[in-house]
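Please look over the sequence and the model below before reading on.

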Amino acid sequence: MLETVAIWGITAKSVSSVMLIWAVYSQYIPRHVRSQMEIYFYKLLGWLSFYVHIKFTEHTEEGLKRSENYNAIRNYLSTNTAARAQRLKANESKNSKSLVLSMDDHEEVEDVFNGVKVKWYSNVKVTETQSNYGRNNSYERRFFTLTFHRRHRGMIIDTYITHVLREGKAIGVRNRERKLYTNNSSSEWYPWMSGKWSNVPFHHPATFETLAMDPEKKERIKKDLVKFSKGKDYYKKVGKAWKRGYLLFGPPGTGKSTMISAIANFLDYDVYDLELTTVKDNSELKKLLLETQGKSIVVIEDIDCSLDLTGQRKTKKEEDEEEDKEKKKEKKKEDEKKSKVTLSGLLNSIDGLWSACSDEKIIIFTTNFVDKLDPALIRRGRMDNHIEMSYCRFEAFKVLAKNYLEIESHELYGEIERLLEETDMSPADVAETLMPKSDEEDADVCIKRLVKTVEEEKEKAKKLAEEEEKSKAEKEEKRKKKKEEEADNKKTEEDEKKVKGSKVNGDLSEKNGTN
Ligand SMILES: Nc1ncnc2c1ncn2[C@@H]1O[C@H](COP(=O)(O)OP(=O)(O)OP(=O)(O)O)[C@@H](O)[C@H]1O
Ligand SMILES: [Mg+2]
C-alpha cells in the first residue's frame, strides 16, 4: 500500500516524466524481461534523484479489498487538485451522491502544503497472466505516487499524509449516499450472491423539525446526539467503546420508527435494520454486526416480539401436558427453523468485546411493551437513553398542524388543547385526521374534523372505561357471591356434622342407660 523509494540527483519533473513513460510503455515489454528491467530501472533512479516517492496502491496486499487509503487520496485529489489536471475521469459511483471527477490514468497534479510543493501521479499497471486453460487474462492495477523533495521527508510523512487521508475520508463521508440495509439469510451470504446485507438508498424525509413531540424532550435528545457524535476523544479517554444505545418505547403510532429516521437524517448516518428472526444463531449475529460500518444506526424494531429473549424454557411436564406426539413433531420442525439467538448472545454482540470493532455506532431498540423486556437488556450502559414516545398532546399537535396544514393558530386550538389532555390519541391518528383528503378541504375543515374525531374518541374511551368498570364490578359481585355460597356451604356442613355428632352421643347415652 505504501512504498517509499528515495531517489537522488535529478529533478522531480524529469523523474516523473521517466516514470510516466515507463508506466505507459513497460506493458509492451515481455513479462520476464520487464521484471528484471524494473529492478535496474528503479535502482538507477534511486542513484540519480533528490526526490522521495511513495506509492499508494488501489488494493490491499491481500488483493481482494479496495484500499481505504487509496479511496481517501482519490477523494482528496478530486476535491482539491483534480480541477487543475488536464485530463479528468468522470466516475458514476454507486456509493456517491454526485458525479466524481478524478485524475485520469497517467495524469499528474501539484499540491502545496505549508509552503511545500508535492506532486501526485495517477498510474496504472497492466499485468497479464495465463490461466490453466491457456487463456490470457489482463489485470489493471492502479496506484498513486506522491513525490516530494527529500528535505521535507519528515513533515510530509508525519503531517501531510495524515492530513490528506483525514480530509479524503471526511469528503468520502460527506459525498456518500446514505443507505438503508437489511440482513440476508445466511444462505445468501456468499460474495457472488447478495452478501450479508442488502441495501437501498435511504431517503426518508422525517426530521426533528417534523417530529411531533414535547419540544424540551426533543432538544434534550438532539443535544445528546451531538455530544455523542463529537465524543471520539472523550470515549477514548474514559475507556468506553464509542457507541450509544437508545430504547424507544410507547404505544403503536407514536413515532418510534419516525424518530429513527429523524436521528439518521440529523447525524447523516446509515441505518442497519436488523431482522433478528432471520438470524440463525449467536455466531451469525456477531458476523452480521462485524460487517456494519461506523457512522451508522443498528435498529432492532419490536424487540419484545423479535425473539423469546427471556431465556426461559417450558418444563418437560408442561410440554407433555400441552401436546400430543404429532403436534410435538411439527413444533420441533418449526423450532429448528426458528432463530437460536439468545439473550446472552444479543448482549455480547451489543456490548461485549466484539462491539468495539467499529466506531461511532448507535443501537436502537423499539418496543410497545417496555415491561416485557428483560432488565438486563435495557440497563443503562447498554440502552443508555430510554425515550418514551407518548400519545399526542397539544405541543405535539402544533407541530403536526404546522406540517400538515401550514397553520400556527386557530380559534379551536384552546378546545383541542383541552381535548387532547383528556384523550389518548396517537400522533399517527391525529396526523391522518389532519391530512386534507381533497383539494376542497382547507385547514378549517381539517381542524374541525379533528375536534369531532377527538370528541368521538373521548366518548368511546369513556364508554369503554364504563364497560370495563361494569364488568369489573360484575366480576367482583360474582366473586363475593361465590365466597358467600362457599361460606354458607361450609356452615351447613359443619351444622350437619354437629347434628350427627349429638345424635350419636344421644344414642350412646340411651344405650348405656338401658344397660
Ligand atoms: N411523533 C410523530 N411525529 C410525526 N409524525 C408521526 C409521529 N408519530 C407518528 N407519526 C406519523 O404516523 C406514522 C406512523 O408512525 P411510526 O411508524 O413512527 O409509529 P411507531 O411508533 O413506530 O408505531 P409501531 O409501534 O406500530 O411500529 C408515521 O408515518 C408518521 O407519519
Ligand atoms: Mg414502528
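The model is predicted. The protein contains 17 helices and 14 strands. Of its 515 residues, 23% are buried. Among contacts between residues at least 6 apart in sequence, 74% join residues that are at least 24 apart.

Seven strands make it up, in the order β9-β8-β11-β12-β13-β10-β14, and their pairing is mixed. Its edges are formed by β9 (197–201) and β14 (385–388), each of which pairs on one side only. On average, neighbouring strands of this sheet are turned by 20° against each other, direction ignored. Strands of a sheet pair through backbone hydrogen bonds, in either the parallel or the antiparallel sense.

With strand β11 (residues 270–273), β8 pairs in the parallel sense, over three bridges. Here Tyr181 has Tyr272 in β11 as its bridge partner.

Further along the order comes β13. Strand β12 (residues 296–300) and β13 are parallel and share five bridges; Ile300 is placed opposite Phe365 in β13. Strand β10 (residues 243–249) also pairs with β13 (residues 361–367) in the parallel sense, over seven bridges. In β13, Ile362 lies opposite Arg244 and Ile363 lies opposite Gly245.

How many of the seven residues of β13 are buried? Seven of the seven are, and the strand is mostly covered. In a regular strand the side chains alternate between the two faces of the sheet. In β13, Lys361, Ile363, Phe365 and Thr367 point one way, while Ile362, Ile364 and Thr366 point the other way, and all are buried.

In soluble globular proteins, nonpolar side chains tend to be buried together. The largest nonpolar core in this model has 54 residues, and Ile297, Ile364 and Leu400 touch the most other members. Helix α14 (residues 394–405) gives the largest share of this core, with six residues. Which residues does Ile297 touch, leaving out those up to four places away in sequence? They are Ile260, Ile263, Ala264, Tyr269, Val271, Tyr272, Ile362 and Ile364. Two residues of this list already came up in the sheet: Tyr272 as the bridge partner of Tyr181, and Ile362 as the residue opposite Arg244. Another core lies apart from the largest one and has 18 residues, including Val52, Met103, Trp120 and Val164.

The last topic is ligand 1. Its shell consists of 15 residues, of which Ala212, Pro252, Gly255, Pro427 and Ala428 are the closest. Two helices, α7 (256–267) and α16 (427–434), each supply at least two residues of this shell.

Technical notes:
Residues numbered from 1 in each chain as written. Chains lettered and ligands numbered in written order. Predicted model: local features only at pLDDT ≥ 70, side-chain atom pairs only at ≥ 80, totals over all residues. Pairing = 2+ DSSP bridges. Helix = DSSP H or I, 4+ residues; strand = E, 2+ residues; numbered from the N terminus. Axes fitted to C-alpha atoms, helices over the stretch in contact; angles between N-to-C directions. Near = placed C-beta within 6 Å. Buried ≥ 20, exposed ≤ 12 C-beta atoms within 10 Å, placed from the backbone. Contact = placed C-beta atoms within 7 Å. Core = buried A, V, L, I, M, F, W, Y, C linked by C-beta atoms within 7 Å.
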